[in-house]
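Visitor: I'd like to learn how to read a model like this one, feature by feature. Could we have it on screen and go through it together?

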Amino acid sequence: MSGNLKIISAGAGAGKTTRLSKEIIDVIQNDIAPEKIVATTFTKKAAEELIERIRLELLKSGKTEEASRILDGYVGTMNSVFGRIIKEFALDIGLSPIQNLLEENESMSLFNSIAYQAIQKYELQNYESLQRLQLIDKDNSWNKYVLDVLKLARENGLSTNDVKACAKYSWDAMQEWLPEPTCNSEEQTKNLIVALKNASKTLPGNDKTKTTQKVVDEILTMLSQIERNGYLSWDQWAKASKLKPAKASLNEVAPLHNAASIHPSHPQLHSDLKEVIEAVFYCAAEAMELYEQEKNLRGLIDFTDQEYLALRLLEDDDYIHALKERIEAVFVDEFQDSSPLQIALNMKLREIAKSATWVGDVKQAIYGFRGTDPDLMKIAMNCIQGIEQDILGDSYRSRQSLVEFVNELFVPVFEVTGLTKELVALNPKREDLKEQQLALESWTFSESKNVKDDAASLAHGVCQIIQQKESYIVVDKETREQRTLKPNDIAILCRSNDECTVIANALSKLGISATIGGSGLMATVEVIYALATLRYLIDERDTLALAQILHFSSEEWQNGEWLEAWLNVENPKEIVKDNPIITQLDKVRTKIFEMSPSEILDLAIVTAKVDEQLLRWGNGNQRLANIDNLRALVQQYEHGAESNGYAATASGLLFYLKEIENDKERNRVAESNNENAVKILTYHRAKGLEWPFVILYSLNKSAISSSKPSVFDRVLAVSTESFNVEKPLQGRKLFFWPWPYGGQSKDVGFDSLVQQTFQLNLRNKQLLEESQRLLYVGMTRARDYLVLATRDFSKATWLNELTNRDGQQIISSIYKTEDDLGEIIVNGRVFSMKHRSLSVPDEIQVTNDNLEQTIYIGESIEKTNFLPATFRPSMTTFAEHLEENILKEEINVKIESIGTRLPITGSPEMDILGSLVHSFLAADHSVLNEEKRHQLAQTILQNFNVFALTPEALVEASNRLNDFIEANYPSRVGIYKEFPIHLKIGKQKASGFIDCLIELPEGWVIIDHKTFPGSEELWTSRAYSHLPQLQIYTQALIEVSNKPVLEAWIHMPVVGKMVQFKNSDLQINSNQQLLLF
């Protein structure tokens, strides 16, 4: 029996969170146990705010026990709530209760790497078809569609068989509008080639115009492609059908037009389209299987798994009773942003609970590009019987004139989508103040010629506002008191991150600070500087890092003076030998071998005093916040390495951070509270936020692209059956139509053939409605002032797309009335507004009137060094080695050759390669047959994912060592591999493993493996650097056995050498100082 469902429609600024918390408190007061409440949100921040509000209200009313018990409820993000439910039933459904959860970025990384295997396979199988459709190209590669299918299939609950079936669904739907294929494919292709050749012979003739010469060049390019590949891509077919020479040569290309214009019905084109559609879906299905196998093998689970497993649990009658005992009331925040899978989950939770409450606003459903489906949500709501509807119709955010403006604009717009006036119009609770200026402003850049001019003009307008900020009165959100405008009260909303960057640059030229709420973290000066200190700490040979440290930190060299000195010396380090930062980084370098990547980064930042330098640059809070974001990325890398079963290394971290630069989601700068910085962000990121002064940019953007029809080159999810309340995902399918013509989008046949399809009409309708909702979100971010900014309002397509049921534009006119005043007519009603005609200023005018900020930097306290309680013998060295890398005395050691150098391929990390060789030498045994030894070597190579040495080389290294031992120690009592030792030295304890220990009747022989690939002149010094380690092993063996260590060998398997230390070398002399780490 389904529980009661209440849907609360909460308009922008109507107090949604307040109402949601009140609803939850009400059910608690009506005897619903707090721990039996489910409340889901879309962000951790929203969940924390909701819990805080609930507990505060409960504490105010004296319900301290309930305030404590709500923490035991299912309150959090969807993933955390469903993850907990799965964990509670894990053993029942065959899962481990300990879930190794992949974060979203980690799952995508694994997802992509697994999919790549299948993509390579299908790309080879369908190479020519993909080439002819121009889908093997970095700007339009087919693999992104495979990944889209993978993502959407999981969000819509599709199995691998369902995904394969989508290939037939897509092709069948495409065939409905494709023209019938002609009969003879080869003859049509031959006719085109003949026509191209004939045209190349007759053109240009006497026609010497540039237009005709360009056509000749294009024909020659086409012939060259045919000669090179044996075929012509379909974009070239389309181009051939439209070649336009000068009028005098039109007759010469007429046969070519005739031969090429049949391309829409060419059998080979139809075959290529079908083949590529099948490749996309079948490849995605195979990748899904591989991904599931890999996760199962590693014991991993991702966010979508949590939701899918939770849905299976909720659909299983065996668990319904147990779930009903745990869950009595369900609350869903921002229900309009649910994915299809989440819609199904919410429907099932509603059936289990006694009551369900969904809170949100369908007018703010703007995440279609992430896979949400507002249409499916509408259908679901219409199919549920007995819904109690409540409307939060009061606006507490925006002042009266802004609310009235938005009401007048969007009531008729949303009426077209089925929303009544009661669901759209808001009742303003904030009156306009007589001290305030007009709430609406229009800014135009009529003299602008390009995007950079637009941005510069807009920046000039912002400059004027800041100069006049005393005349702009706002009401503070926290204090509710009147005050004047501050720069950080201003938000500029754009459609793309690229536009945000251009505007930020324009503001910077005027001396106006700005924070971009988007990507670009890795390009900030503070992160570049911090990473330079990290890179230099890892590798002192990194001269780029050295130069960056000089440039950013040294007062002596910061203006570029270092470059001339740098170029005039053979060794650049000579000019910085006295630089304190470089000196300190050099001193602590030996510590990093025991550290994780995050610890190494912190060591670099602290040692180089990065924070102090950032504070000197100004805007310190923002810069320090960006460094914290960098630290968070490093922790994500370490977590991902642990989840995926590989070592987290410093060099691996640097490679990971390089990849972050191309990831817009993870490469985000930190949010800033700098009150002198203007906010710049996209409309999508602005959702849920508000500012006193909002500038709407990008008003010239259209909902529907003017290039190829919107239904192509995009994987779309659709419902093919009537909605079933019991099975919400039933009938969900994906379809994909590849666009075969590359950059050719007009007059190619397909653009007109597809116009009447319901798929294109549905897609255009979805894009238009989401675009309208996005503009609604933008306008409702403003508390006190709203600016419409564009080059020319007659071309403000976004505004012009706001239409009523009759297709008439809601905004009929925007015009200037007096010097700085204007009017906007909305749905017949006139709204007064301030007007600014902006242009690019002739001179850059610095307007940043920030007060000189006093920077307080704490005193540097001399650090006290504490010795660790335990250390590994392998990390000891002579104190002298910290001062200079030379030997203090001549060491006479014996070097014995046991074979030739083993070949190493590539540039492996030597510490990992060393661990690999150690592992094999420890596990190998001569009693194993050759086949098993090779299998063992191959397995170890695969486990380490390092293939610099072959299995044969590993076996050979082991054979050489065995032969050496056999020849030199025939009377041995035993051989012990990875022999553990422990030794107390002063207040410290050394713990480690001897790689190979040989017991003789008269004493011990130590063999230590070092995978050192260096040249001959370095063998002795490298072996000597490991002598302290051997000395500690020696001391430990003597104390435990009372038997002497006769000698020790450094085994260098890569170079095929054994370096001997005699008994006398192995004693710790009183004049030797060991550093124990």
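Guide: Let's begin at D713, which sits in the loop between β17 (691-696) and β18 (716-719). Helices (H or I, at least four residues) and strands (E, at least two) are DSSP runs, numbered from the N terminus. Mind that this is a predicted model, where local features need pLDDT of at least 70 and side-chain atom pairs count only at pLDDT 80 or more, while totals for chains, interfaces and linings use all residues. Residues are numbered from 1 along each chain as its sequence is written, and side-chain values use heavy atoms, leaving out hydrogens and water.

Visitor: What is the phi of D713?

Guide: As a rule, most residues other than glycine have a negative phi, and most peptide bonds are trans. D713 isn't a glycine, yet its phi is positive, about 55°. D31 also goes positive, with phi near 75°, in the loop between α1 (16-29) and β2 (37-41).

Visitor: Is D713 buried or exposed? And D31, buried or exposed?

Guide: Buried means under 20% relative accessible area, exposed over 50%, and partly exposed in between (1.4 Å probe, protein chains only). D713 is buried because its relative accessible area is 11%, whereas D31, at 71%, is exposed. Across the protein, 51% of the 1077 residues count as buried.

Visitor: Which residues does a cis peptide bond join?

Guide: L203 and P204, with omega at about 5°. P204 belongs to the loop between α9 and α10 (210-229).

Visitor: At what angle do helix α9 and helix α12 pack?

Guide: The axes are lines fitted to C-alpha atoms, for helices over the stretch in contact, and angles run from 0 to 180 degrees between N-to-C directions. Here α9 (residues 185-202) and α12 (residues 250-260) pack at about 165°, their axes 9 Å apart. So α9 is roughly antiparallel to α12 (under 35 degrees counts as roughly parallel, over 145 as roughly antiparallel, 65 to 115 as roughly perpendicular and the rest as oblique). In α9, the residues meeting α12 include L192, A195 and L196, and P255 and L256 are among those they meet.

Visitor: How does α7 go with α13?

Guide: Helix α7 (residues 143-155) crosses α13 at roughly 60°, the axes coming within 9 Å. Among the residues that meet are V146, V149 and L150 in α7, with F281, A284 and M288 among those in α13.

Visitor: Which residues touch the most other members of the largest nonpolar core?

Guide: In general, nonpolar side chains tend to be buried together in soluble globular proteins. A nonpolar core is a set of buried Ala, Val, Leu, Ile, Met, Phe, Trp, Tyr and Cys residues joined through side-chain atoms within 4.5 Å. The largest one here has 77 residues, and W142, M174 and F750 touch the most other members. Its biggest contributor is helix α13 (residues 267-298), giving 13 residues. Domain 2 (104-181 + 267-298 + 712-753) and domain 3 (185-261) both give residues to this core, so it lies between them; the bounds come from an automatic or database domain assignment. Another core, of 45 residues, lies apart from it and includes L493, L786, W798 and L799.

Visitor: Which residues is F750 in contact with?

Guide: Contact means heavy atoms within 4.5 Å. Leaving aside neighbours within four places in sequence, the contacts of F750 include M174, W177, L273, W739 and Y741.
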